[in-house]
Amino acid sequence: MKKKSIAVDMDGVLADVEAHLITYFERDFGITILREEIQGLTEEEAFYGREKVRSVLNSKDFFRTLPVIDDAVESLKLLQENFEIYIVSAATEFPLSLNEKIEWLAEHFPFIQWQNIVLCGSKTIINTDYLIDDHPKNLDFCMGKPIMFTAFHNAKKENYLRVNNWKEAVAVLKEAV
């Protein structure tokens, strides 16, 4: 019997971009940003405008050195027993990130085969049974069941099934098997 499929976003779902941006802003700009102060803000509002955010996101090794979100590795290993897992990232927006993301995934998620890694421009092409993503703009076009992973920028969005962490995501998907 064919396994159901899950597309899992990388940034903000597997990789803690929020924590990394906070660290970069403190280190590079001397700006202290507290997680609780940015809840519900856009990335541009939270991180001092589009140009400043993009300068950090386009810096060498930003994506290569992202911290892993708690329980992500163990959770994907567990889900892989019953689901076909695909890592999907709209990486082409940041061309420097392509190799960095492949290297990061090889280090932290070596059990995900290269055939199951999709680096794209738009996630509208993704046709899986489930999509776990932190951006509503990606979930809006989900052909399967969308699952919103909580992040600072989606704190005020309520139009999708929300999971706050990987333990909750596993619980939701276990019910689907």
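**Exercise 1. Where does Asp61 lie, in terms of helices and loops?**

Solution. Asp61 sits in the loop between helix 3 and helix 4 (72–80). Helices here are DSSP runs of H or I with at least four residues, strands are runs of E with at least two, and both are numbered from the N terminus. Next, check the backbone. Asp61 is not a glycine, yet its phi is positive, near 75 degrees. Tyr48 also has a positive phi, about 60 degrees, and is not a glycine. Tyr48 belongs to the loop between helix 2 (43–46) and helix 3.

Ground rules: this is a predicted model, in which local features need pLDDT of at least 70, side-chain atom pairs count only at pLDDT 80 or more, and totals for chains, interfaces and linings use all residues. Residues are numbered from 1 along each chain as its sequence is written, and side-chain values use heavy atoms, with hydrogens and water left out.

**Exercise 2. Describe how helix 1 and helix 3 pack.**

Solution. Start with the geometry. Helix 1 (residues 17–29) meets helix 3 (residues 50–57) at about 100 degrees, and the axes are 11 Å apart. Axes are lines fitted to C-alpha atoms over the stretch in contact, and angles run from 0 to 180 degrees between N-to-C directions. The two helices are therefore roughly perpendicular (angles of 65 to 115 degrees; under 35 is roughly parallel, over 145 roughly antiparallel, the rest oblique).

Then list the contact (heavy atoms within 4.5 Å). Helix 1 gives Leu21, Tyr24, Phe25 and Phe29; helix 3 gives Lys52, Val53, Ser55, Val56 and Leu57.

**Exercise 3. Characterise the interface of domain 1 and domain 2.**

Solution. Domain 1 covers 4–16 + 67–176, and domain 2 covers 17–57; the bounds come from an automatic or database domain assignment. Their C-alpha centres are 22 Å apart. Domain 1 puts 12 residues into the contact and domain 2 puts in 15.

Now the area. About 1100 Å² is buried, with 58% from carbon and sulfur atoms. Buried area is the accessible area (1.4 Å probe) that two parts lose on being put together, summed over both. On the domain 1 side, Asp16, Phe94 and Phe152 supply 60% of the area buried against domain 2.

Finally, the rule finds 2 salt bridges across this interface (a side-chain nitrogen of Lys or Arg within 4 Å of a carboxyl oxygen of Asp or Glu).

**Exercise 4. How many salt bridges does the whole structure hold?**

Solution. The search finds 11. Among them, Asp9 pairs with Lys123, with closest N and O atoms 2.7 Å apart. Asp9 is in strand 1 (residues 4–9) and Lys123 in the loop between strand 3 (117–119) and strand 4 (130–133), so the pair ties together parts 114 residues apart in sequence. Glu93 and Arg54 form a salt bridge at 3.0 Å, N to O.
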